[in-house]
Amino acid sequence: MANAASGMAVDDACKLKFLELKSKRTYRFIIFKIEEKQKQVVVEKVGEPTESYEDFTASIPADECRYAVYDFDFVTAENCQKSRIFFIAWSPDTAKVRSKMIYASSKDRFKRELDGIQVELQATDPSEMDLDVIKSRAA
């Protein structure tokens, strides 16, 4: 179960919450954290469907790495209501080097556990996951 490269397991709650976000739209976003002592990825926070993108970005720690999934609703140029599920790998420059390495080496395996991600975003600075960036990548 654990990844040989990083040794991180994925808590079942991560997959369950993601499935709820994807199929039932129970959440707007999910923030995941690696618990080094337990050697696994766990759910740190979920956002209610009514929460905004600002609520989401405010929930991510400024100087610690996280994985996040965000369900982004938008209207196309043809006036169609659509949604894209974003996977965001947040690895700020101010995070500890060890933490950045663990998150980087665990990312692909963790992402594979979440079936249904449509857009991946790598961010090291808040401007790299600005709402305008999300909008431009969603189309």
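Start with valine 69. Leaving out residues up to four places away in sequence, valine 69 touches Phe18, Leu21, Arg28, Phe29, Ile30, Phe32, Phe56, Ile85, Phe86, Phe87 and Leu114. Contact here means heavy atoms within 4.5 Å.

A word on the source. This is a predicted model, in which local features need pLDDT of at least 70 and side-chain atom pairs count only at pLDDT 80 or more, while totals for chains, interfaces and linings use all residues. Residues are numbered from 1 along each chain as its sequence is written, and side-chain values use heavy atoms, with hydrogens and water left out.

Now the core. In soluble globular proteins, nonpolar side chains tend to be buried together. A nonpolar core is a set of buried Ala, Val, Leu, Ile, Met, Phe, Trp, Tyr and Cys residues joined through side-chain atoms within 4.5 Å. Buried means under 20% relative accessible area, exposed means over 50%, and partly exposed lies in between (1.4 Å probe, protein chains only). Which residues touch the most other members of the largest nonpolar core? They are Phe32, Tyr67, Val69 and Phe110, in a core of 21 residues. At least two residues of this core come from each of helix 1 (12-24), strand 2 (29-35), strand 4 (66-75), strand 5 (81-90) and helix 3 (97-113). Helices (H or I, at least four residues) and strands (E, at least two) are DSSP runs, numbered from the N terminus. A second, separate core has 18 residues, including Ile31, Ile60, Phe74 and Val119.

Next, the sheet. Two strands pair if DSSP finds at least two bridges between them.

Follow strand 2. Five of its seven residues are buried, which leaves strand 2 mostly covered. Strand 2 pairs with strand 3 (residues 40-47) in the antiparallel sense, over seven bridges. Isoleucine 31 has lysine 45 in strand 3 as its bridge partner. Lysine 33 stands opposite valine 42, also in strand 3. Strand 2 and strand 3 form a hairpin, with four residues between them. In the turn, lysine 39 has a positive phi of about 55°. Strand 2 also pairs with strand 4, again in the antiparallel sense, over four bridges. There, phenylalanine 29 stands opposite tyrosine 70.

Turn to the charged residues. Lysine 107 lies in helix 3. Is lysine 107 buried or exposed? Lysine 107 has a relative accessible area of 13%, so it counts as buried. Leaving aside neighbours within four places in sequence, lysine 107 is in contact with Tyr67, Phe87, Ala89, Glu120 and Gln122.

Other charged side chains pair up. A salt bridge is a side-chain nitrogen of Lys or Arg within 4 Å of a carboxyl oxygen of Asp or Glu. By this rule the count is eleven. One joins glutamate 113 and lysine 15 at 3.1 Å, N to O. Glutamate 113 lies in helix 3 and lysine 15 in helix 1, so this pair ties together parts 98 residues apart in sequence. Both residues are partly exposed: glutamate 113 at 24% relative accessibility, lysine 15 at 22%. Asp12, Lys15, Arg109 and Glu113 are linked in a network of salt bridges.

Aspartate 73 takes part in salt bridges too. Its side chain meets that of arginine 25 at 2.4 Å, N to O. Arginine 25 lies in the loop between helix 1 and strand 2 and aspartate 73 in strand 4, so the pair ties together parts 48 residues apart in sequence. Arginine 25 is partly exposed at 36% relative accessibility, and aspartate 73 is partly exposed at 29%. Aspartate 73 also meets arginine 28, at 2.9 Å, N to O. This pair again links distant parts of the chain, 45 residues apart, with arginine 28 in the loop between helix 1 and strand 2. Arginine 28 is buried, with a relative accessible area of 13%.
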